[in-house]
Amino acid sequence: MTGPGGPEDVLASALRSGLPSLLEGLLGSRDHGRVLVTGWFSFLDGEVTAGDVLAQRAVAAALERLHVVHDTAWSPGFAPGALTLDTAVPSDYRQLLFVCGPLHGEQIASLHQRYASCRRVAVGVSVVERDDAAVGGFDRILERDGPDGGHLLDLATAAPATLPTPVVGVALTHGQGEYRDRRLHDEVAATVLPWLVGKNCARIDADTRLAYGDWRHCATPDQYLSLLGRLDLVITDRLHGLVLALRAGVPALAVDPVRGGAKVTAQARLLHWPAVLPGESVSVQLLDRWWDWCCSSDGTAAARRRSDLLRAAREGPGPSVLSQ
């Protein structure tokens, strides 16, 4: 057990100090003026990471608590229609606040040129070389780490709590040439994938293909079943995407990619699983309807019942056709 004054106490003290008080000191006078929040998420060619956006959320929430008027500039490639560095007029702001990420490179140097009339400060950043022009252009910096070690917890840890979203595995195939002119695989993907992009969920590749020596694929069926068991939903046009999801007790929203129906539909009937759509009539409306059901308590309970029945069949004599 760690005693008083140990690492946990130091951490608790740092957390209690709070981001608002740090920002208040960083921004200076009580009359902060309008602040433009920027980061690597602001650059057209910048990389937008989950940590960057959580850091922006943490800073925005702290500025709101301080009643500081602020805007955030986003990359047009990440947030079309939002305020960008090109549309954020320098004369509209008294201060520029750069959030998260390393301070280096021409893109940050260009910020100093465009917003030369603003007081420029940075928080939660990494300083790699103190003589970098990107570093020298800031009036004040609260760094998370530098050549002499760490100084500030990463801002992503201070972001407001968020609601969890479904974790969805995607198992689609573009193969199965044996079905010849009955194939609808490309048409199914052309409908399902853009629709899925619009869903508020965490998407992961759940390809059923196994491979040794490739970290992107499971190497054994046991690994794959473990992966499925941690999902909330599987979107698939594969037979094994459907049956293995239900074996794991996870709802599957399946589309049969063969005109007239084939093995996906046949297995769904044997399992009495309703969330299967014919490829020739799949639509956003039908996908939405069965998404809602699969994500509901009814859909989850139905998948768990299939899992229980399949487990009972494996453990002893059981029917080859399941009942509801």
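## Surface and overall make-up

Accessible area here comes from the Shrake-Rupley method with a 1.4 Å probe. In this predicted model, the protein chain exposes about 17000 Å². Carbon and sulfur atoms supply 53% of that area.

The protein chain holds eleven helices and eleven strands. Of its 324 residues, 44% are buried. Take the contacts between residues at least 6 apart in sequence: 62% of them join residues at least 24 apart.

## An aromatic cluster

The whole structure has eight aromatic pairs. In one of them, the ring centres of Trp-40 and Phe-43 lie 5.2 Å apart. Their planes meet at 75°, so this pair is edge-to-face. Trp-40 is buried, with a relative accessible area of 12%. Phe-43 is buried too, at 4%.

Phe-98 and Phe-138 make a tilted pair, with 6.2 Å from centre to centre and 55° between the planes. Phe-98 sits in strand E3 (residues 95–99). Phe-138 sits in the loop between helix H5 (133–136) and strand E5 (140–146). The pair therefore ties together parts that are 40 residues apart in sequence. Both Phe-98 and Phe-138 are buried. Ring pairs link Trp-40, Phe-43, Phe-98 and Phe-138 into a cluster.

## The second largest pocket

The second largest pocket contains about 210 Å³ of space. Its lining counts 13 residues. Nearest the centre are Ser-42, Phe-43, Leu-44, Leu-85 and Asp-86. By class, the lining has six nonpolar, four polar and three charged residues.

Phe-43 belongs to both pictures: it lines this pocket, and it is part of the aromatic cluster.

How values were computed
Residues numbered from 1 in each chain as written. Predicted model: local features only at pLDDT ≥ 70, side-chain atom pairs only at ≥ 80, totals over all residues. Heavy atoms only, no water. Helix = DSSP H or I, 4+ residues; strand = E, 2+ residues; numbered from the N terminus. Buried < 20%, exposed > 50% of the residue type's maximum accessible area, 1.4 Å probe, protein only. Contact = heavy atoms within 4.5 Å. 1 Å grid on protein atoms, 1.4 Å probe; cavity = no way out; pocket = protein on both sides within 12 Å on 5 of 7 lines; lining within 4 Å. Points joined across faces, edges and corners; volume = space filled by probe spheres on them. Nonpolar A, V, L, I, M, F, W, Y, C, P; charged D, E, K, R; others polar. Phe/Tyr/Trp six-rings, centres within 6.5 Å; stacked < 30°, edge-to-face > 60°.
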